[in-house]
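Visitor: Hey, can you walk me through this one? I'm new to reading structures.
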Amino acid sequence: WMEMEMEMEESGSAAAGGGSAGADAIVRVVIWSIPSKIEGGKAGQRDGRHCTRDDVQTVDIIVAHGTDKHKFALPISSQVASLHEEIERATGVPQNAQKLLFKGKTLTNPKQTLKDLKIKRKAKMLLIGKKEDPIVEKCSNEFVKIRKNINKYSTELSELEQSWQDIIQGHLPEDYCATSAKKLQKGVLAINEYNVRLLEQMDNMPIHEDMKQLRTTRKILIADIEKLLERGDLLLENFKESNLTKRA
């Protein structure tokens, strides 16, 4: 866009009877030029960056997913990764679970642009992938919490084991041994109870046969909890054999 302002300063006197302006005049032209986004096919500037036709040229991508069809309008300079993001928002299929087919081939390079795919105005693609099961998401989040609790109880149990070693190695005054052993016993019983609750929690999760990843994760967690229970039972047996807890 261009804007012009002209200013004339008259000099001399007007002719009698309403004559025209004097011959001497000063003409000043002031031009403001506002750079356009695209001007004459050349790159302009906007917000401090260069812009090209690819920044504004959009293409329509129609993605078929099952019986549904989704339409996306994206700049031709967009990467395939951006398309995956849009598809996730529209369909609920996670990006890592999406398989996008274009002209019979799977799009495997997320940095490839729509222009690289030689798309001109519109294109049709096929999406293969399932929405994330809300049960899977919920169980996965629960497993994260359970893992944190297992680590916590393992640390606490290690501290109780070390305290027991201090007792049997005579690092504590004899008068305090029985009382300390009783406290350790209560701590171990509490940890064992918490671990049993974790097992019950996982046993009640609605994990089906086809949820292989969840089943594998649960199996690993159960094995770790059983190891903690074995350590706890061993400590309780040591307390019993020492007769210290009976003296408190």
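Guide: Helices (H or I, at least four residues) and strands (E, at least two) are DSSP runs, numbered from the N terminus. This is a predicted model, where local features need pLDDT of at least 70, side-chain atom pairs count only at pLDDT 80 or more, and totals for chains, interfaces and linings use all residues. Residues are numbered from 1 along each chain as its sequence is written, and side-chain values use heavy atoms, with hydrogens and water left out.

Visitor: Okay, at what angle do α3 and α5 cross?
Guide: Roughly 20 degrees, and the axes of α3 (residues 134-168) and α5 (residues 212-242) come within 10 Å. Angles under 35 degrees count as roughly parallel, over 145 as roughly antiparallel, 65 to 115 as roughly perpendicular and the rest as oblique. α3 and α5 are therefore roughly parallel.

Visitor: Is that crossing left-handed or right-handed?
Guide: The α3 and α5 crossing is left-handed. That word applies if the near helix is turned anticlockwise from the far one by less than a right angle; clockwise is right-handed. Their contact has 16 nonpolar, 7 polar and 5 charged residues. Here Ala, Val, Leu, Ile, Met, Phe, Trp, Tyr, Cys and Pro count as nonpolar, Asp, Glu, Lys and Arg as charged, and the others, Gly among them, as polar.

Visitor: And how do α3 and α4 cross?
Guide: At roughly 160 degrees, with axes that come within 10 Å. That makes α3 roughly antiparallel to α4. The crossing is left-handed. Residues making the contact include Phe143, Tyr153 and Trp164 of α3, and Leu184, Tyr194 and Met202 of α4. By class, the contact of α3 with α4 has 16 nonpolar, 6 polar and 2 charged residues.

Visitor: How far apart are the axes of α4 and α5?
Guide: They're 9 Å apart, and the two helices pack at about 155 degrees. That makes α4 roughly antiparallel to α5. α4 passes α5 in a left-handed crossing. Among the contact residues are Val188 and Leu199 of α4, plus Arg218 and Phe239 of α5; contact means heavy atoms within 4.5 Å.

Visitor: Switching topic: how many aromatic pairs are there?
Guide: The structure holds 2. Rings of Phe, Tyr and Trp (its six-membered ring) pair if their centres lie within 6.5 Å; planes under 30 degrees apart count as stacked, over 60 as edge-to-face and the rest as tilted. Tyr153 and Tyr194 form a stacked pair, 5.4 Å centre to centre with 20 degrees between the planes. The pair links distant parts of the chain, since Tyr153 is in α3 and Tyr194 in α4 (residues 174-203), 41 residues apart.

Visitor: Now the sheet. What's the strand order?
Guide: β7-β6-β10-β8-β9, an open sheet of 5 strands with mixed pairing. Two strands pair if DSSP finds at least two bridges between them. β7 (68-75) and β9 (105-106) stand at the edges with a single partner strand each, so one side of each has no neighbour in the sheet.

Visitor: How many bridges do β6 and β7 have?
Guide: They pair over 8 bridges, antiparallel, with β6 covering residues 58-65. Thr58 stands opposite Pro75, Ile61 is opposite Phe72, and Val63 has His70 as its bridge partner. Their hairpin has 2 residues between the strands, and Gly66 takes a positive phi near 65 degrees there.

Visitor: What about β6 and β10, parallel or antiparallel?
Guide: Those two run parallel, joined by 5 bridges. Ile62 has Lys124 in β10 as its bridge partner.

Visitor: Last one: which strands does α2 lie across?
Guide: α2 (residues 80-91) lies across β6, β7, β8 (99-102) and β10 (122-128), running at about 140 degrees to β7.

How values were computed. Axes are lines fitted to C-alpha atoms, for helices over the stretch in contact, and angles run from 0 to 180 degrees between N-to-C directions.
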